Amino acid sequence: MLISNNKIHSIKENSIIKSSDDKASDIKDKVFLSSPRDYYSQEDPFAEVLKETLKRDKEARENVIEKPSGPAGRPPVLKKALEDILRTFKSIKTFPCDKFIYPSMKDMTPEELAFFENVLDRLPLKDIIHTDYIAMTEPGVVDYAGLTVWPEGGPYIDLVRESVNKSAEWGSKVLSHEVGHTIITPGEFDSIPHREIWGRGPFITAYASTKPREDFAESYAEYFTNPENLKEKCPEKYAYLQELEKSNLLQQLIDNKPFRETGKYLRDLLDKYPALPQGMEVAGKVMGVIQICKGLGEISCGKKSNDAKLQMEGLLDLLAGCCFASKVFCVIGMALEGTKMELSRAIDKKEITAEQANAAVQSTVGVVAGPVANVIVSLISKLPAHRPHEIDSIALENLSQQLPEHKLDVISRMIDKEFTGKELRKALGKSGFTEEEINLIKECTGKEIKNGKEPVRDYRVSARMLEDLRGEIPHEKLDRMGSLTDKDFTGKELEKTLKKLRFEKDEIAFIKSFAEDMDKQSLSLKAPLSIAAGGAAGATAGGLVGPYVGVLAGFTVAGPVGGIVGLALGALTGIKAGSRLGGEVGKLVCRI
């Protein structure tokens, strides 16, 4: 309400022109510059409530201005640090760390450990990672030299100490034989290509003739311990293993000393802290669920405030969280992270608008995910404990004819704030509102989404629009529109608001038409789609290349420990640098 000339006027006329802060300032200035008795009857039981409310609000505002909480910039720094930590974890989860971690070695003497690790070093890295662990068994317990067991968690190898320690050549061959058993599961062996050559002569050893799988394992061991002998005696089997042992690009890139030694160090850490792998897996799922909830919250807030950037980030967070909560879609999650980072950066640098970015996301990944997210947000909003009540200018206008002026002014102090039903009831009860009035206010401020849809606000009043309208609309009327900057309206809402600001019909029609033309020009999707694609490709590549280069560089500087540190640093810098570079390439492509 506005107080002047000892009269109380309804805020209805001024709610469009002045913000809640402006109204509050008017009230406070006039209330405290003159005696309250000039404006309120001493018999009014709500006068003191209003006075105290305004006084507390003024003190709170002064404290915020004069005593900022914490050093300037700290919250953004902490937020950035947390985001970087989470991004590093996501990148490490995406990187195939399990492709170079050595199997655990149990119950071995230091000499045995060194010998059998040396045997594993001579075998392809891609073959030894299938084994969970290799254990040494005391003599007399079993009657074999080595045994491969296939439990549910993956294969492990038992070696008999007395047998494998007879000679270095024999021990090397036994372990190589057992590793050969881990390459192909028993259930898959009968369906491998050229299955018929196994179990059919010539055989490299007498033991190879006992079973087809033993023939394969014996030939595998001979291939790596004495390949020329296998090639001469069993050329067909030699050719098969030669084809089988061809490595793909990733296997070739990581089969080197830095990754092998770093893999051994990681193995030792996991042996020391056995709960770490399961803890990291649980943490990955929790992190994904948190990002899903964050995305839903951003979508909900974005829709309420018509914040296109928040809606865009929410949808990408929702999808990325689903990917990171799984085991198989982390690479897609990394691409979505890169897309979000680059689109947000481009919006902040004013290279594209938030509406363009949101439209690009909605027209691609949002085609399927968008409706699903809207349904979830709609269902959450209908839960009584979570349905917010928001006091805005529309609610104040609806209540202006149904509540006394002094109570309406108390409500105006809560403008642009959201409450649950319980919170709103408590706040109003403390201010002396009756049960009937509280129910009326709750009804007018309930933010319910009917049929899962919210009104589409296609018109945005921007600073650029006001600047472009100069010369077309009288100066004093444009000044009135200043309070509408960065607000969104439906067509009817815009017409109604402009009428209250005393615009003529032809001026309103011109402004709507002008806004529609600007909207069409601003929603070109070429730039945001190029930036999004570049960010996605760059983040995916950086999330893989960064850790790889980090391990190589870290190992060169500080051995296996440096390899692990380099893995973490490379994971962080890789995704950030990759997405940034990809985004810049996307901009260049867009300009061609």
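These legends go with close-up views of a predicted model. Residues count from 1 along each chain as its sequence is written, and side-chain values use heavy atoms, with hydrogens and water left out. Because this is a prediction, local features need pLDDT of at least 70 and side-chain atom pairs count only at pLDDT 80 or more, while totals for chains, interfaces and linings use all residues.

**View 1. Strand 6, covered on both faces.** Five of its five residues are buried, so the strand is largely enclosed by the rest of the structure. Buried here means under 20% relative accessible area, with a 1.4 Å probe and protein chains only. Y156, D158 and V160 sit on one side, I157 and L159 on the other.

**View 2. The partners of strand 6.** Strand 4 (residues 133-137) runs parallel to strand 6, joined by four bridges; DSSP has to find at least two for a pair. In this pairing, A135 stands opposite D158. Strand 5 (residues 146-149) pairs with strand 6 in the antiparallel sense, also over four bridges, and V149 stands opposite Y156.

**View 3. The hairpin of strand 5 and strand 6.** Six residues lie between the two strands. G154 takes a positive phi there, near 130°.

**View 4. Y265 in helix 13.** Helix 13 covers residues 257-272 (helices are DSSP runs of H or I, at least four residues). Y265 has 32% relative accessibility, so it counts as partly exposed, the class between buried and exposed, which is over 50%.
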